[in-house]
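Here's a quick briefing to read with the model open beside you. Take a look at the sequence and the fold, then work through the points below.

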Amino acid sequence: MSVVLKIMRPVSQFSEVKAEKIIVPAAAGDLTVLPDRAPTYLLLRNGQVKALDADNRVVKRFFVQGGVADIAQDVCSISSEVVHAYEEMTFDEAKSRFEKAQSDDIKNYYKMIIDEIVLSSK
């Protein structure tokens, strides 16, 4: 069995992935979504949404700037105004966006991405 991850922006679907498990950055801490999970609605914090295979290997990751997760009937729908695919975001791009950011919320989001890229390169 698998779970479908749908990443949504306000006006369009960003991505759809099938995975054995999905980890979401819930406001109260990371939550793992498994097949047959009880319906849940969560607020999200800035962080990574990760789709994992049966061996717990990450097959797809996304950076989200907060948002909500609606989990029901083996579908985890994430809705966030700002989403980036992990593999498409570079350190230089995140740094440039951080420097151009007009608000602390946006700066904090890109700082989180910069920190994650630095940690994963070690």
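Helices (H or I, at least four residues) and strands (E, at least two) are DSSP runs, numbered from the N terminus. Keep in mind that this is a predicted model: local features need pLDDT of at least 70, side-chain atom pairs count only at pLDDT 80 or more, and totals for chains, interfaces and linings use all residues. Residues are numbered from 1 along each chain as its sequence is written, and side-chain values use heavy atoms, with hydrogens and water left out.

**Serine 80**

- You'll find serine 80 in the loop between strand S9 (75-79) and strand S10 (83-85).
- Serine 80 counts as buried because its relative accessibility is 2%; buried means under 20% relative accessible area, exposed over 50%, and partly exposed in between (1.4 Å probe, protein chains only).
- A polar atom of the serine 80 side chain lies 3.1 Å from the backbone oxygen of glutamine 65, and that side chain also reaches the backbone oxygen of glycine 66 at 3.0 Å.

**Threonine 40**

- Threonine 40 sits in strand S5 (residues 40-44), and it's buried, with a relative accessible area of 18%.
- Its side chain makes a polar contact with the side chain of arginine 37 (2.8 Å). A polar contact is a pair of N or O atoms within 3.5 Å; within protein, one must be able to donate a hydrogen and the other to accept it, and residues adjacent in sequence count only if both atoms are side-chain atoms.
- A polar atom of the threonine 40 side chain also lies 3.0 Å from the backbone oxygen of alanine 38.
- Not counting residues up to four places away in sequence, threonine 40 touches Ala69, Asp70 and Ile71 (contact means heavy atoms within 4.5 Å).

**The nonpolar cores**

- The largest nonpolar core has 22 residues, and Leu5, Ile22, Val24, Val49, Cys76 and Ile78 have the most contacts inside it. Such a core is a set of buried Ala, Val, Leu, Ile, Met, Phe, Trp, Tyr and Cys residues joined through side-chain atoms within 4.5 Å.
- Another core, of eleven residues, lies apart from that one, and Val82, Met89, Met112 and Ile114 are among its members.
- What does valine 24 contact, leaving aside its neighbours within four places in sequence? The answer is Gly29, Asp30, Leu31, Leu42, Leu44, Val49, Cys76 and Ile78.
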